[in-house]
Amino acid sequence: MSGRLKNFWNRNGRNVIFLTLIVMTASVPLLTDYLLEGGNLQNVLTRIELISQGLTKSFPVRIQPAALSDYGCGAAAFEADVFLIVPGVLHRMGLSLQAAYKLYLWAVNIATAVCSFLCFEKCFHRQDMGLVGSLLFTWCPYRLSSLYVAAQAGEAAAWCFLPLLLLGLVRLYAGEDKQKGVGRTWVLLTAALLLILSASMTVFVIAAGMCVLWLFLLGKRALSKDVRLTVGKTVLATGLLGAWLLIPLLYFVYKNTELLGNLILQDVRSGGLSWAVYLMTFFGAGTSENFWENGMAGTQSLGMGFAVTACVLFFLWSLFTGRYAQKEKKPLCKRLAVLGLVLAYLSTSSFPWELLQNKNLLFSLFLGWMQSPAKWGIGACAVFILLSCQTLYLEREEGWYRICLGITISTAFLTTQFLTGEILLSAQPLWLERTEEWAALPLQVITGIPWLWRVAEGISLSALAFLVFMAAKGRMRRGKSVEKV
């Protein structure tokens, strides 16, 4: 066993050290003996407490619908709460609510760093690009704001799986299906969408929108047989495997359409960002997402970080001056730049979202699940981070590649240190006693078993069993063909 560990360390020791540093830098606000008060923290603590209590009554734990946004199918605020089972179990085992939630935040940071490293490494087939992508993604100001300032536990978990979605979109563009069959790409996209759906309905809507926009950017390639097969399988598999959540949710919304009015902002544009947020250098911790009415003062750090901004501006400058005329990855970078700019535009108060308001149930569902135009900034940040890594990758043959890499890492580190320091200075400490008091919202666990929930769960389980059976069957066929050779 020691020999295996030694071999593993020889191959991956550097990566483990760097990933540890990345996680520790992002987790500075967790190195305290108290909890930082966040905008949605009371709701999150209540859901963890209810999940902990309900584990012995019903599984999955379903929370009683409330007028604000609960829909009574395992979640509050249109979130499935799947990943909140982890702190719920820890709390049930005897840990305090504060300790269970802080361990959950540690797990989110670790999962984000590792998942982004693996996905970016596979995108570029270079470990240094994997580490840079992990660094920029884990230290993204928008993600840190979701984690600590807004206390959006589901949204923060969904950030872990956005790199998986980006990897799937890159492989779809690169024609991976032609070389290895449609299997790998649609499985990758389905896994990313299902994991995001299990974490946050809002980020799921953003992720689905990113996929649709990417298909438009593929142009004629989107009409090819392999892409159509990939998209069809992804939509079908996501719908069937996610039926356990989607069917009861849609049914409840259909029966209670009046609740959607509580989710949609009266002035939808008021939740949009300012274009200046994507050019900011040092972010303050902030308290609000409302950029349109309040300007830039006292707002959350909902940007991508100045290191990413500098890389994106450098790419646009290089593209304008013709430096990338002979680069093989230029078409992908151009599409990523367009996708990022479109998502950034959707996140701002410039986009006329009010044109979709009060039109019909479909648009109301979309705006309600979107919650705020600022949420499109999540997708914009993720795409711009991938574009930054692509830009650095294009510079790998130049003499100043290491200098660009060093400047990017140093800038990201300094701005992240400033942001985490601001979070510690501006956020209110929540001690153990107050934490327990905060988990007392008037919500209840549903212990009944309505037939619709069981039917929806049966559809998802049947689809999962079928996919596992087909995967095992395909592996057996490949094994037999190898033996014959």
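Reader: Why does Y345 count as partly exposed?

Author: In this predicted model, Y345 has 33% relative accessibility. Buried would need under 20% and exposed over 50%, so Y345 falls in between and is called partly exposed.

Reader: How many aromatic pairs turn up in the whole structure?

Author: The search finds 18.

Reader: Why is the pair of W275 and Y345 called stacked?

Author: Their ring centres are 6.5 Å apart, and a pair needs centres within 6.5 Å. The planes sit at 15°, and under 30 degrees counts as stacked, so that's the label. The pair also links distant parts of the chain: W275 is in the loop between α13 and α14, Y345 is in helix α16, and they are 70 residues apart.

Reader: What makes F366 and W376 tilted, then?

Author: The centres are 6.3 Å apart and the planes are at 45°. Stacked needs under 30 degrees and edge-to-face over 60, so this pair is tilted. F366 belongs to helix α17 and W376 to helix α18, so the pair ties together parts 10 residues apart in sequence.

Reader: Is W376 buried or exposed?

Author: Buried: W376 has a relative accessible area of 3%, and the cut-off is under 20%. F366, at 25%, is partly exposed.

Reader: Which residues do ring pairs link into a cluster?

Author: W275, Y278, Y345, F351, W353, F366 and W376.

Definitions and conventions
Residues numbered from 1 in each chain as written. Predicted model: local features only at pLDDT ≥ 70, side-chain atom pairs only at ≥ 80, totals over all residues. Heavy atoms only, no water. Phe/Tyr/Trp six-rings, centres within 6.5 Å; stacked < 30°, edge-to-face > 60°. Helix = DSSP H or I, 4+ residues; strand = E, 2+ residues; numbered from the N terminus. Buried < 20%, exposed > 50% of the residue type's maximum accessible area, 1.4 Å probe, protein only.
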